[in-house]
Amino acid sequence: MTNAADSDLIQLRDLVRSFVDERDWDQFHTPKNLASALSVEAAELLEHFQWLQHGRLDELGPDKQVQVRHEMADVLVYLVRLADKLDVDLFAAVQEKMVLNREKYPAEQVRGDARKYYEYKK
Ligand SMILES: [Mg+2]
């Protein structure tokens with residue numbers, strides 16, 4: 001099944017593939033290295049929020065907003081690349097996981113409650 005979001009992810013996958021191939025970097029892109037890089041980029045994203053009260057747009061300011069945007073792109077690039085190497089359909093994976101999340105966090109049971117499932121389940 002192909003839809004707009006699915007084809008957007010395929011376009012991103014192909015864009016990243018081209019970038020990697022042009023540089024002969026595929027040899028470095030083992031799943032372990034990509035998962036590590038993804039984690040590093042997520043930490044770089046988090047660093048922009050460190051010590052802020054909330055990290056809302058007005059608190060970030062224009063320069064930080066651009067930096068956050070770029071770190072978010074880095075995270076997605078490595079996620080898309082990892083999915084490519086492990087033959088994971090990210091769109092399908094999110095759909096699958098959201099079904100599980102709905103089961104784990106029934107809306108009528110957790111509405112307005114931010115606790116983890118094991119904190120309210122009996
Ligand atoms: Mg980065």
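1. How are the donor residues of the magnesium ion spaced in sequence? The spacing is E-x2-E-x26-E-x2-D. The model is a predicted one, in which local features need pLDDT of at least 70 and side-chain atom pairs count only at pLDDT 80 or more, while totals for chains, interfaces and linings use all residues. Residues are numbered from 1 along each chain as its sequence is written, and side-chain values use heavy atoms, with hydrogens and water left out.

2. Metal site. Glu41 (OE), Glu44 (OE), Glu71 (OE) and Asp74 (OD) coordinate the magnesium ion at 2.1 to 2.3 Å. Glu44 belongs to helix α2 (residues 31-47) and Asp74 to helix α3 (residues 57-85), so this pair ties together parts that are 30 residues apart in sequence. Donors are N, O and S atoms within 2.8 Å of the metal (3.2 Å for Na, K and Ca); water is not among the atoms, so sites may look incomplete. Helices (H or I, at least four residues) and strands (E, at least two) are DSSP runs, numbered from the N terminus.

3. The classes are buried for under 20% relative accessible area, exposed for over 50% and partly exposed in between (1.4 Å probe, protein chains only).

4. Glu41. Glu41 is buried and has no salt bridge, the nearest side chain of opposite charge being Arg81, 13 Å away. Here Lys and Arg count as positive and Asp and Glu as negative, whereas His and the chain ends are not counted. A salt bridge requires a side-chain nitrogen of Lys or Arg within 4 Å of a carboxyl oxygen of Asp or Glu. Leaving aside residues up to four places away in sequence, Glu41 touches Glu71, Asp74, Val75 and Tyr78, contact being heavy atoms within 4.5 Å. Two of the residues named there, Glu71 and Asp74, are also magnesium donors.

5. Salt bridges. How many salt bridges does a search of the whole structure find? The search finds eight. Arg13, Asp14, Arg17, Asp26, Arg81, Asp84 and Lys85 are linked in a network. Within helix α3, Arg81 and Asp84 lie three residues apart, about one turn of the helix. Their closest N and O atoms are 3.4 Å apart in a salt bridge, and both residues are buried.

6. Asp26 and Lys85 form a salt bridge with their closest N and O atoms 2.6 Å apart. Asp26 is in the loop between α1 (4-23) and α2, and Lys85 is in helix α3, so the pair ties together parts that are 59 residues apart in sequence. Asp26 is partly exposed, at 32% relative accessible area, as is Lys85, at 33%.

7. The structure holds one aromatic pair. The ring centres of Phe19 and Trp25 are 5.7 Å apart and their planes are at 70°, so the pair is edge-to-face. Rings of Phe, Tyr and Trp (its six-membered ring) pair if their centres lie within 6.5 Å, with planes under 30 degrees apart counted as stacked, over 60 as edge-to-face and the rest as tilted. Phe19 counts as partly exposed at 40% relative accessibility, and Trp25 likewise at 37%. Arg23 lies over the face of Phe19, 3.8 Å from the ring centre, and the charged end of Arg23 also sits over the ring of Trp25, 6.0 Å from its centre. The criterion is NZ of Lys or CZ of Arg within 6 Å of the ring centre and within 35 degrees of the ring normal.

8. Backbone points to inspect. Most residues other than glycine have a negative phi. Asp24, which is not a glycine, has a positive phi of about 55°; its place is in the loop between α1 and α2, and Asp24 is exposed, at 52% relative accessible area. Trp51 has a positive phi near 75° and lies in the loop between α2 and α3. At 77% relative accessibility, Trp51 counts as exposed.
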